[in-house]
Amino acid sequence: MDPTRRKRRLPLVGSDGAYWALLYGVGLIFLGICGAFLYSTIDNSLSAWQHQGFSLITSSNWNPDASQYGALALIVGTLETSFIALLFAVPIGILCAVTMVHLVPRRLRTPLSSFVELLAAIPSVVYGMVGALVLVAWFQSTLSPWLESVTHNFVLFSGPASGNSTLLAGLVLFVMILPTIAAFSRDAIASVPHEQIEGALSVGATKWQTIWRVALPSARAGITGAVTLGAARAVGETIAVAMVIGNATSLTGSILKTGGTLAATIPNVWDGASPLTTSALFALGTILIVFTATINAVGRQLLRRSQVGLAL
Amino acid sequence: VQTITPTNSSTEGDHVNRIHLRRIAAAGAAVGVSLALAAPALAAQGSHGYPGSDLQSQPATAEGAGSTFAAPLENAGINEYQRLNPNASFTGYLAVGSGAGEKDVVNGQTTGVDWGATDVPFGASSSDLASACAGTCPGGTTIGSFTQIPIGLGGEAIIYNIKPTFPKVRVKVHGVFVKKQVQFDLNLTGRVIAEIYNGTIQKWNNSKIKALNPGVGLPSTTIFPVDRADSSGTQYIMTNFLQVSTGSTVGCTSCVWPWAPSKSTISSYDKTGGAGNTIGVAGNPNTVNSLHNGGVAATVGSTHGAIGFVEDSYVLLNPKLKQGVANIYNKARKYVAPTAGAVAADAAHFSGISAANFSIVFGAGSTSYPIAGYTWAIVWTNFTASNADISSVPSGVTAGSVNQYADEVGALTVKYLDWLSHTSTSTSKPGGQNVAAANGYVAMPTSVQSYATSQLAKITGSAADGTPELLSYNP
């Protein structure tokens, strides 16, 4: 370490000291807000956990009137809708990003990118409205019967379908998080150094090989971040889901039938809820926080593994 | 300031006097002088044509929230009231559902809501209030803390999204037999609707539906009952009708409709059957739960095979729904469509309407439409700075006059609700109930309008500046 540099940093006098105090202060405020938020969410949920115990996540009997708070159906619904959304949004979003960076003619890139960013900024209630007023009828009349017949009414795709369904919610979420994943992945892919791309091309790699072997692996960290963000948005989406999922609170088995998610149930039940029910809603919130924390942890783990892979 | 006994000449004048009085008296002026000066000038306003003129100096702003059953009425009412009284200032009406409206008004100071609208009033005792609040009432509140005013009367339409084919039958017209279609909508009974909702009847061509509609072509489509996902007064009225018309009681194991609507959550009867109930609506996997009257209307409109319940005005608002509005079997064993006349006929069979006695479903009379209800406004009996919304206090108001501002908000709220709950004979200045009748509701019977007047007369302003003066009128 260069001793002169150290010297310059050490004495915290005058404006320097104020500067550090400010930074630490802001940092502490941030920590304080997050801590207070977590504390109040968990603290408020305690009476529901005490009342319901572990069956809060293992029972599917959700009946606030009878003080039954089994949220299994809501947990399953959250996982189902998010899984469906990611199943489509991850590959399509990443391919969109690759297309925008490497395949689309240069003069179209900027307008196309702006368009994707515009889509990412549309409020979710608009997606919900399109889903509820436009897609529901098409789902009921066309898609659901087709899926039922193709799968021979396999339990996951069994009818009859009203249109309002877990699948529709999943697909609305897919459309909603697609621009998020595409926009952030594009940034990641676009920031891969040109030298790497040109180097690959210069040693005779095809464009496809360059993208697949060089651009995407280098951008892996950013893409993982994009997917994590998309997944978190899907898990926590409330209103768009509430408008199309049919808000059932029991397990139906079929993704063509109505379902419910943790986030969508909170505003439905919140009005006029008793203190215990409110506490149960905080418990749903706590489960949601655990979900998003898990998503982040998995994202980080993937990232670390990929970095190790690159280093090797 | 002493409470002024209202005279019978001009209700508006009295009120303006009272507001002015307080200020003048505070300044040491003689009460009688101000009365004498102000009354003649304002006496010409006529009854129930309240201008908001006394609010000019401090534009108070009032806000309502609650029942989606009442939403079209409140929206049209506020518009019309503001047209008649350009100085009256409203934040608006938030259609958040009855349960939320009750919650919002009891917590008025934080929510900014001055009157809550609900289809299920708190009732008559403090225990009713406690169950309605479900533990969310501020400490020290009793049933007397709130005043409950009927503001509207409406029917609930049972809407469906299928297209039955109705037969042409031989009827005699001017002495000649001709083939003519005489039935245009499905006939349904409370029992059949209950069995549709609880899953006993799952297809539109079920024999029980056919039996009510002889000769009508019904598809084999699955029925998707649309329910409310939120805490709903509309649903309470519906459940109340199913319960009364099928004669079921809570907890029975063999009855058709096992759940009485519960006040604690304004009924979420569908969420699952409790112990001992063999019929669970949650056991009907085809049920779709939607948010609010508007959500139910939208879901029924876009879902083939759906059936749902909405306040009549939502059918007027959404022409797509007009093609499927059921005739309902009433107590006199007749099928009746939800027309204004039929709802009025039903309401006419119930007397002594009050906050404790508000159910008017399944009334007698051959022309009565059996699914109807009143919608209520709930306000604090005392408008003071400690319970009313004073978040919108204008910048000119000093801390000391905050209670006075609460009075102003209370006065505007009371004047609006008074106007809203009455019929006017003036064509140039329609009353709230005239507006209601033009928007898919039914004008409330005069006895209920009188009850509204007597309820409004209980409301007072803040006592912080002296005696809490009456904010309402005794016409």
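In the hairpin formed by β5(B) and β6(B), with two residues between the strands, B:His174 takes a positive phi near 50°. This is a predicted model, in which local features need pLDDT of at least 70 and side-chain atom pairs count only at pLDDT 80 or more, while totals for chains, interfaces and linings use all residues. Residues are numbered from 1 along each chain as its sequence is written, chains are lettered from A and ligands numbered from 1 in the order in which they are written, and side-chain values use heavy atoms, with hydrogens and water left out. Helices (H or I, at least four residues) and strands (E, at least two) are DSSP runs, numbered from the N terminus, and two strands pair if DSSP finds at least two bridges between them.

**The hairpin in chain B**

- Strand β5 (residues 168–173) of chain B runs antiparallel to strand β6 (residues 176–181) of chain B, and six bridges join the two.
- Within this pairing, B:Arg170 has B:Lys179 in β6(B) as its bridge partner.

**The eight-stranded sheet in chain B**

- Eight strands of chain B form an open sheet with mixed pairing, and their order is β2-β1-β3-β13-β4-β10-β8-β9.
- The edges are taken by β2 (89–95) and β9 (288–290) of chain B, each of which pairs on one side only.
- On average, and with direction ignored, neighbouring strands of this sheet are turned by 25° against each other; axes here are lines fitted to C-alpha atoms, for helices over the stretch in contact, and angles run from 0 to 180 degrees between N-to-C directions.
- Helix α3 (residues 71–84) of chain B packs on the sheet, where it touches β2, β3 (115–118), β4 (146–160) and β13 (372–380) of chain B, contact meaning heavy atoms within 4.5 Å.
- The direction of α3 of chain B makes about 170° with that of β2(B).
- Strand β1 (residues 61–66) of chain B pairs with β2(B) in the parallel sense over six bridges, and B:Ala65 stands opposite B:Leu94 in β2(B).

- Strand β8 (residues 224–228) of chain B is largely enclosed by the rest of the structure, because five of its five residues are buried; buried means under 20% relative accessible area, exposed over 50% and partly exposed in between, with a 1.4 Å probe and protein chains only.
- In a regular strand the side chains alternate between the two faces of the sheet.
- In β8(B) both faces are covered, with B:Phe224, B:Val226 and B:Arg228 buried on one side and B:Pro225 and B:Asp227 buried on the other.
- Two bridges join β8(B) to strand β10 (residues 306–311) of chain B, and these strands run parallel, with B:Phe224 standing opposite B:Ala306 in β10(B).
- The pairing of β8(B) with β9(B) is also in the parallel sense and has three bridges, and here B:Val226 stands opposite B:Val288 in β9(B).

**The three-stranded sheet in chain B**

- An open sheet of three strands in chain B has the order β7-β11-β12, again with mixed pairing, and its edge strands are β7 (187–188) and β12 (335–336) of chain B, each pairing on one side only.
- Strand β11 (residues 327–329) of chain B and β12(B) run antiparallel and are joined by two bridges, with B:Val336 as the bridge partner of B:Ile328.

**A helix with buried residues in chain B**

- In helix α15 (residues 446–456) of chain B, the buried residues include B:Val448, B:Tyr451, B:Ala452 and B:Leu456, and also B:Gln449, B:Thr453 and B:Gln455.
- The elements that cover these buried residues of α15(B) include β4, β13, α13 (402–420) and α14 (432–437) of chain B.

**Chain A**

- The secondary structure of chain A comes to 13 helices and two strands, and buried residues make up 42% of its 312 residues.
- Helix α4 (residues 72–103) of chain A packs against helix α9 (residues 207–218) of chain A at an angle of about 115°, and the two axes are 12 Å apart.
- At this contact, A:Ile94, A:Val98, A:His102 and A:Leu103 in α4(A) meet A:Lys207, A:Ile211, A:Ala215 and A:Leu216 in α9(A).
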